[in-house]
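Please find below a colleague's note, arranged as numbered points. Kindly keep the sequence and the model open while reading.

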Amino acid sequence: MGKISLKQVVKKFGEVEVIPPLDLEIEDGEFVVFVGPSGCGKSTLLRLIAGLEDVSDGRIEIDGKDATDLAPAERRLAMVFQSYALYPHMTVRKNIAFPLKMAGVDHAEQERRIASAAKALNLTDYLDRRPGQLSGGQRQRVAIGRAIVREPAAFLFDEPLSNLDAALRVGMRLEITELHHRLATTMIYVTHDQVEAMTMADKIVVLRAGVVEQVGSPLELYRTPQNLFVAGFIGSPKMNFVTGKDAAAHDAHTIGVRPEHVKLSKDTGHWAGTVGVSEHLGSDTFVHVETEGGLGLMTVRVDGEMDVHHGDRVFLTPEEDKIHRFDEKGQRL
Amino acid sequence: MATQHSRAAARLMISPAVILLFLWMAVPLGMTIYFSFLNYNLLIPSAHNFIGLQNYDFFVTDPAFVTALVNTLVLVLGVLVITTVGGVLMALLLDRPMWGQGIVRILVIAPFFVMPTVSALVWKNMFMNPVNGIFAWVFHLLGIQPFDFLAQAPLFSIIMIVSWEWLPFAALILLTALQSLDSEQIEAAEMDGASAFSRFIYITVPHLTRSITVVILIQTIFLLSIFAEIYVTTNGGPGNASTNIPFMIYSQSLLQFDVGGGSAGGIIAVILANIVAIFLMRMIGKNLEA
Amino acid sequence: MARRVTTRAKLTNTIIAWFVGLTIFFPILWTFLTSFKTEGDAVAIPPKFLDFHWTLENYIQVNDRSDYLLHFWNSVVISVGSTLIGLAIAIPAAWAMAFVPGKRTKDVLMWMLSTKMMPAVGVLVPIYLMFKNTGLLDTRIGLVIILTLIDLPIIVWMLFTYFKEIPGEILEAARMDGATLRSEILYVLTPMAIPGIASTFLLNVILAWNEAFWTLLLTAANAAPLTAFIASFSAPEGLFYAKLSAASTMAIAPILILGWFSQKQLVRGLTFGAVK
């Protein structure tokens, strides 16, 4: 079981309130991602749940029981750190065994659990090595192994993939998601990378300056961002925003349209512009267009290969039903 | 970055060290200050009356005080000049490619590990002795009159001995600093067209400045309280030609049993050291933030 | 980055550096050689470098003086004892400052350093009188107490700089893994910090072994360590070069060997982490 509730949780460092009163429900078995730009308080929030920091006010409940004043060790949570935080003086086996040893699990049971974790994570051949002899991805697996042997109520991940190179990151992303499906244990995952959030989460919590901007499934956030911040943060490339008379025509202060919802034509369209850089990815082409009439730079996503060149004059047309409308305060209309 | 619980544990674990050092600072120093206002001589056990600043007046107006103060400054400055200049040269030399670098480094650092009484006695007897010393023999070979170093130039001789002890320290620290210089920086400067000389002036020297300052400050702290070398070689003499402030305080309080006067001298020494300490602490404090 | 260096330049460097190195080392080498000479050879002019009658007589005589071993043992007890007690007090303090830093941690560290700046002569009189009145004068315990106190700031500082290099996340991981504070320090921090603790131990034994203010002024026949024992050779009646050399060689050899192992730590320790 791993249902976690935050009730009016506040965190202050001295006089600075990094997390204003915050409520959040995390259901058992859910994969929740905290996402936001650096300094938004997402790691602090995770550390509050872990018990590595005290809350300044409010309550944290785990499975309905008050855990606010429990030490980290007593919360039955396991954490995977950004730096992996492996014990460098212990072998992989001892690293994975450490939480079991601390919990006083008997030796045979320790061996059994280590063996099964090692098998699941492809670490069987490395059990007698030290962390220093492993690659980044292997260290990451050891850190995960150390977390799963405890059979915790929930897993906490603090930007676990940010030290890996791009190719490994994609692989580990799949492994962690797969692990979640297999264990069906609550996971809370912190990242600044919206792609990780979109691909892994059941539920995304978008944070900015300690405030929850929106909570929802990846597609909810994609389809109906509640404000300009979420709209701009979720989705890649970023949503295009237009103010002024085009927005006024939609009874809004700002309108937003995603690059994939803009049609590009060489002959005719709603906005005219000049092609700047086009990024050819093969499967898609991102065309950056400097529009006329002061609308600024717009990004368009075109399927497949597109034959446009720097300096070409093109025309853009947004899909009417995919336009997002926001008021002066940036809230969705 | 911590919880109430760990903060409480931290306070508990830090307190023995803090309490001990606080007592060590406060109690004896307080007593020294107290004694310095008393007419207190161990030979006259009865009278401990309060005499205000008389001890200070007596200590400072003693002609020996001026000599001791000058000797202290000459000793500190002399050793500093020799060891920092020598240390920089030595560091530059040792940083160059050569065979047996590790062994040379070991040879150079060795004097630092020799206890002060041993180095002072070895120099005094086996090198500076006007009859049997190596220097006397070398002078003889060169046809120069033998020279009684410790009698004719006592302070200079002590400066030589102390410099021999501290040169390795300066050299080792500056060498470490030199080796920590990012080679990419030098290469970048080379790509920018800087000559070897400009690279030294604009990159190596600024990089070393901080370490040189640290060397100077730390040595000053130790050099201000040089004692053993004087104690076993000249005993402050001849006359008081090689008496520095610590030695003067020692002789005032433990040889002449003048507790009050010695205490006043002690406070003066503390004030002198504090002036240096303030600069040193600023340096290290800055480093702590980095 | 490897650069091509001409053999000739390298040869020049080597010759100059070895010459300078040997010159600086010469007094130690000379002491070592003299310790194997007869007293007659030791004062011979011109000096005899290698062509003298080699003898172990001086070592035997110095060791036969019943008190030599006592002084050697005093040095061991005082330097190792004060360092161990210092470590026992400093490890928890450094743990607290490195891993649970508070607003005043920096001030505490700087204040500890400032105690080290206080010149010994400033407190000579009260310490001497206190020791005299409490019977601590010329006792090993007395010296251990004093040396523990004067070395404590350096020990705390050195440990602090080593602990600082251990990522706090590892200790947090231990906490998440269910370790108590005791297990955290015992199973995670200490094994990781062993190299740092060992260096600190080594450097402080060296410093305490060579301390020559308090050891000279607070001891007489009983508790005198080697620093004070050697100082007694300064009296004219003790002037036997070969025996002085033998006693000196024995006094400095162990520390010289330890010292060569701790060169790197020495820099860090003596500059309070300002130069690494």
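Does B:Leu23 count as buried, partly exposed or exposed, and at what relative accessibility? The second point gives the reply.

1. Basis of the note. This is a predicted model, in which local features need pLDDT of at least 70 and side-chain atom pairs count only at pLDDT 80 or more, while totals for chains, interfaces and linings use all residues. Residues are numbered from 1 along each chain as its sequence is written, chains are lettered from A and ligands numbered from 1 in the order in which they are written, and side-chain values use heavy atoms, with hydrogens and water left out.

2. B:Leu23 counts as partly exposed because its relative accessibility is 44% (buried means under 20% relative accessible area, exposed over 50%, partly exposed in between, with a 1.4 Å probe and protein chains only). B:Leu23 is found in helix H1 of chain B (helices are DSSP runs of H or I with at least four residues, strands are runs of E with at least two, and both are numbered from the N terminus). Together with B:Ile19, B:Phe22 and B:Val27, B:Leu23 forms a nonpolar surface patch with about 370 Å² of accessible area (areas come from the Shrake-Rupley method with a 1.4 Å probe; for residues, only the protein chains shown count as cover). Patches take residues with over 30% relative accessible area and no salt bridge, joining like charges within 9 Å and nonpolar side chains (Val, Leu, Ile, Met, Phe, Trp, Tyr) within 5 Å. A salt bridge is a side-chain nitrogen of Lys or Arg within 4 Å of a carboxyl oxygen of Asp or Glu.

3. B:Arg11 belongs to helix H1 of chain B, residues 4-36, and is exposed, since its relative accessible area is 55%.

4. Chain A overall. Chain A contains 9 helices and 18 strands. Its C-alpha atoms fill a box of roughly 75 × 45 × 30 Å along the principal axes. Of its 333 residues, 53% count as buried.

5. A:Phe241. This residue lies in strand S11 of chain A, residues 240-243, and is partly exposed, because its relative accessible area is 30%. Leaving aside residues up to four places away in sequence, A:Phe241 touches several residues, among them A:Leu228, A:Ile255 and A:Phe326 (contact means heavy atoms within 4.5 Å). A:Phe241 and A:Asp23 are 218 residues apart in sequence and 30 Å apart in space, C-alpha to C-alpha.
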